[in-house]
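Good morning, and thank you for making time for this presentation.

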Amino acid sequence: MAQINDHFLKLKAGYLFPEIARRVNAFTEANPDAKIIKMGIGDVTEPLPEAIVSAMHGAVDEMANRDTFRGYGPEQGYDFLRNAIVENNYAGMNIDADEIFVSDGSKCDSGNILDIFGHGNKIAITDPVYPVYVDTNVMAGNTGQADESGKYGGLLYIPVTEENEFVPAVPSEPVDLIYLCFPNNPTGTVVGKNVLKKWVDYAKANDAIILFDAAYEAFVTQDDIPRSIFEIEGAHQVAIEFRSFSKNAGFTGTRCGYTVVPKTLMGTTSSGEKTSIHSLWNRRQSTKFNGVSYPIQVGAAAAFSPDGKKQIAELISFYLTNAGLLRAGLESLGMKVYGGINAPYVWLKTPGSLSSWGFFDDLLGKTNLVGTPGSGFGSAGEGYFRLSAFNSRANIEEAVERLKKFFA
Ligand code: MLT
């Protein structure tokens with residue numbers, strides 16, 4: 001008798017984004033002429049930068065030649081990419097190339113990381129939050145059942161709402177693992193070093209580990225906003241950072257990211273001894289992962305070439321301009337809007353007393369626009385809605401016109 005992992009049965013409905021796709025598909029079937037504009041999932045729309053494409057072509061040619069062909073690469077990533085990441089993204093932050101683990105993306109890593117943690121940890125997440133952090137903990141058996149509001153027993157939910165300007169406060173009780181994401185998905189909030197320092201100090205005081213998702217760091221335009229937790233003194237003893245080429249270099253379909261695990265980071269065994277988290281993650285990756293393909297890593301490294309950097313800066317600026325257009329359009333309608341300045345997500349309050357899914361259905365039905373219901377990110381997201389700025393300029397301009405008609 002093949003027993004299943006019963007914890008999967010605790011999961012609520014489908015994963016958020018397939019659920020949105022399901023509703024949109026049903027709507028499209030019923031309304032085949034509808035011109036849908038999708039601003040739900042944060043998926044990039046613009047093609048890969050030319051510098052990256054041409055580097056990938058070269059790498060594919062290398063694979064076609066006996067002298068330059070490569071088989072298995074290092075599970076942790078090729079040195080050329082790990083070195084380029086450190087030199088370009090962690091200069092002066094005391095991070096070594098062997099602390100970078102190249103992967104197929106930060107969604108995967110932020111779920112896989114639970115392999116190396118035990119089951120008795122008290123886990124803190126913000127609410128609303130990127131659903132992967134919650135669902136992977138449910139799958140791993142780290143939670144109880146969900147209650148009526150969708151909250152799982154055993155997790156500590158830290159509400160981030162208008163009242164606290166979407167900035168999570170450190171808990172008044174001890175926790176062991178903490179998920180933080182800045183620039184934030186879904187609210188688009190960024191925080192200064194002072195806020196991150198409080199979290200690092202809290203983690204130190206409680207022997208906790210921060211799982212810091214920095215997938216959207218490239219959208220930070222202000223100099224005083226940290227892009228990495230490792231800009232904060234003491235973070236090397238308490239944090240793991242997830243980064244991605246998805247949202248800056250357009251790799252959502254191409255797949256490449258990396259996780260930074262300092263060698264100074266320690267976890268605790270069940271018998272109370274300290275042990276290296278870096279060694280455990282290295283062991284996990286060497287066993288369960290065979291590395292990212294060579295042409296993709298060559299493409300990722302080209303993101304750090306002079307042309308690559310310039311082209312990526314243009315992409316970021318393009319999406320941030322989209323976010324600005326969405327913000328300005330909504331604000332001109334008297335809506336309360338958050339995010340969208342150092343982040344590709346615009347977060348708004350649903351009008352009147354509409355629930356997040358009520359607004360989703362209304363907007364889809366009347367304007368054929370698709371966004372993400374805030375409640376899909378957690379119960380404190382109820383009454384909010386997320387719009388993604390990842391789209392063509394023409395679609396964003398059209399979406400703003402439709403929003404204006406909708407709210408007129
Ligand atoms: C989102 O829309 O929140 C993102 O696309 C999710 C992801 O990157 O996995």
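**Cavities, strands and aromatic pairs**

The second largest cavity has a volume of about 30 Å³. Please keep in mind that the model on the screen is a predicted one. Around this second largest cavity we find Ala 214, Ala 215, Glu 217, Ala 218, Arg 243, Ser 244 and Asn 248. By class, that lining comprises 3 nonpolar, 2 polar and 2 charged residues.

How many cavities of 30 Å³ or more does a search of the whole structure find? The search returns 2. The largest cavity has a volume of about 50 Å³. Its lining consists of Thr 126, Val 129, Tyr 133, Val 160, Phe 166, Pro 168, Tyr 179, Leu 180, Cys 181, Phe 182 and Asn 184. In the lining of the largest cavity, 9 residues are nonpolar and 2 are polar, with no charged residues. Strand β5, residues 177-181, contributes the largest share of this lining, namely 3 residues.

Strand β5 leads us to the strand pairing. β5 pairs with β6 in the parallel sense, over 5 bridges. Within that pairing, Tyr 179 has Leu 211 in β6 as its bridge partner; Tyr 179 is also one of the residues that line the largest cavity. Together with helix α6, residues 193-206, the strands β5 and β6 make a β-α-β unit, and this unit is right-handed.

Is strand β6 mostly covered or mostly open to the outside? Strand β6, residues 209-213, is mostly covered, with 5 of its 5 residues buried. The burial applies to both faces: Ile 209, Leu 211 and Asp 213 are buried on one side, and Ile 210 and Phe 212 are buried on the other.

I turn now to the aromatic contacts. A search of the whole structure finds 26 aromatic pairs. One of them joins Phe 182 and Phe 212, with 6.5 Å centre to centre and 35° between the planes, a tilted arrangement. This pair links distant parts of the chain, 30 residues apart: Phe 182 lies in the loop between β5 and α6, while Phe 212 belongs to strand β6. Both Phe 182 and Phe 212 are buried.

Why does Tyr 345 count as buried? Tyr 345 counts as buried because its relative accessibility is 1%, and the cut-off for buried is under 20%. Phe 390 likewise counts as buried because its relative accessibility is 1%.

Finally, Phe 17, Phe 166, Tyr 338, Trp 347, Phe 377 and Tyr 384 form one aromatic cluster. Thank you for your attention.

Key:
Residues are numbered from 1 along each chain as its sequence is written. This is a predicted model: local features need pLDDT of at least 70, side-chain atom pairs count only at pLDDT 80 or more; totals for chains, interfaces and linings use all residues. Side-chain values use heavy atoms; hydrogens and water are left out. On a 1 Å grid over the protein atoms alone, a cavity is a set of points where a 1.4 Å probe fits but cannot get out, and a pocket is an open set with protein on both sides within 12 Å along at least five of seven lines; lining residues have an atom within 4 Å of a point. Grid points are joined across faces, edges and corners, and a volume is the space filled by probe spheres set on the points. Helices (H or I, at least four residues) and strands (E, at least two) are DSSP runs, numbered from the N terminus. Ala, Val, Leu, Ile, Met, Phe, Trp, Tyr, Cys and Pro count as nonpolar, Asp, Glu, Lys and Arg as charged, and the others, Gly among them, as polar. Buried means under 20% relative accessible area, exposed over 50%, partly exposed in between (1.4 Å probe, protein chains only). Two strands pair if DSSP finds at least two bridges between them. A crossover is right-handed if, with the strands pointing away from the viewer, the path from the first strand over the helix to the second runs clockwise. Rings of Phe, Tyr and Trp (its six-membered ring) pair if their centres lie within 6.5 Å; planes under 30 degrees apart count as stacked, over 60 as edge-to-face and the rest as tilted.
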